[in-house]
Amino acid sequence: MTSSSSSSSPLSYMTCRIKVNIPPWQLANIPVAVHTHLHTLLFRYSDGLDAVIINITDVAIEQHKPPHIATFAPTVHVYAQAKLLLFQPNRGQILHGVVTKVGHDYCAIKTLGVFNATVSRKDVDTSKFSEQNQLVPGTEVRFAVKDVNHEGGFFSLTGALNQENTGPVV
């Protein structure tokens, strides 16, 4: 695997070799079967990559070897190379988002328009907000990643609005 990314960005590209298990009923059209499998990986957390796959491009099915038939399952193993766009935020990283909800003990933020972050009331520095820049739904903010949470392919962030370079985007 090779990758290239900027340490300040939660987005990176990686070229991967991916093993795809194809059931017998999909063997008539292996390219469609590979693409179908790859689409099931989108917007799910991958433990192997420690990231969420956002986009898959440049898919190339390796055809220099015959497909390998699995010993204990009725599937054929095919390998494909693909370029993946990954969302891989790190603790302490500053992300941009939009407040979607403010509760009595938390606020919810959406980053990149799809990923959820939750900020506890104790992690909000209210002095950073004013009459013009209130902490209300629709407010654009910069928040620090406190923790990355993932379980069973699902993914969310815990953030903070009380650190340096966080608060409303003015």
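Trainee: Are Phe-115 and Phe-155 buried or exposed?

Mentor: Buried means under 20% relative accessible area, exposed means over 50%, and partly exposed lies in between, with a 1.4 Å probe and protein chains only. Phe-115 and Phe-155 are both buried. For Phe-115 the relative accessible area is 6%. Keep in mind that this is a predicted model, where local features need pLDDT of at least 70, side-chain atom pairs count only at pLDDT 80 or more, and totals for chains, interfaces and linings use all residues. Residues are numbered from 1 along each chain as its sequence is written, and side-chain values use heavy atoms, leaving out hydrogens and water.

Trainee: How do the rings of Phe-115 and Phe-155 sit?

Mentor: Rings of Phe, Tyr and Trp (its six-membered ring) pair if their centres lie within 6.5 Å; planes under 30 degrees apart are stacked, over 60 edge-to-face, and the rest tilted. Here the centres of Phe-115 and Phe-155 are 5.6 Å apart and the planes stand at 85°, so this pair is edge-to-face. Phe-115 belongs to strand E9 and Phe-155 to strand E11, so the pair ties together parts 40 residues apart in sequence. Such labels come from DSSP runs, numbered from the N terminus: helices (H or I) need at least four residues, strands (E) at least two.

Trainee: How many aromatic pairs does the structure hold?

Mentor: Five. One of them is stacked: Phe-87 and Phe-115, at 4.3 Å centre to centre with 10° between the planes. Phe-87 lies in strand E6 and Phe-115 in strand E9, so this pair links parts 28 residues apart in sequence. One aromatic cluster takes in Phe-43, Tyr-45, Phe-87, Phe-115 and Phe-155.

Trainee: What is Phe-87 in contact with, leaving aside its neighbours within four places in sequence?

Mentor: Contact means heavy atoms within 4.5 Å. The partners of Phe-87 include Pro-10, Leu-11, Ile-54, Leu-95, Phe-115, Phe-155 and Leu-157. Phe-87 counts as buried because its relative accessibility is 1%.

Trainee: How many residues does the largest nonpolar core have?

Mentor: A nonpolar core is a set of buried Ala, Val, Leu, Ile, Met, Phe, Trp, Tyr and Cys residues, joined through side-chain atoms within 4.5 Å. The largest has 21 residues, and Phe-87, Phe-155 and Leu-157 are among those with the most contacts inside it. Strands that give it two or more residues include E6 (76-87), E9 (115-124) and E11 (154-161). E9 gives the largest share, four residues. A second, separate core has 19 residues, including Met-14 and Ala-82.

Trainee: Which way do E9 and E11 run, parallel or antiparallel?

Mentor: Strands pair if DSSP finds at least two bridges between them. E9 and E11 run parallel, joined by four bridges. Val-119 has Gly-159 of E11 as its bridge partner. E10 and E11 run antiparallel, with seven bridges. Val-148 stands opposite Leu-157 in E11. The hairpin of E10 and E11 has two residues between the strands, and Gly-152 there takes a positive phi near 60°.

Trainee: Where does the charged end of Arg-17 sit?

Mentor: A charge sits over a ring if NZ of Lys or CZ of Arg is within 6 Å of the ring centre and within 35 degrees of the ring normal. Arg-17 has its charged end over the ring of Tyr-79, 3.9 Å from the centre. Arg-44 lies over the face of Phe-154, at 5.1 Å from the ring centre.

Trainee: What is the mean pLDDT of the chain?

Mentor: pLDDT is the predictor's confidence in each residue, from 0 to 100. The chain mean is 90, and 92% of residues reach 70 or more. Over residues 1-6 the pLDDT is below 50.
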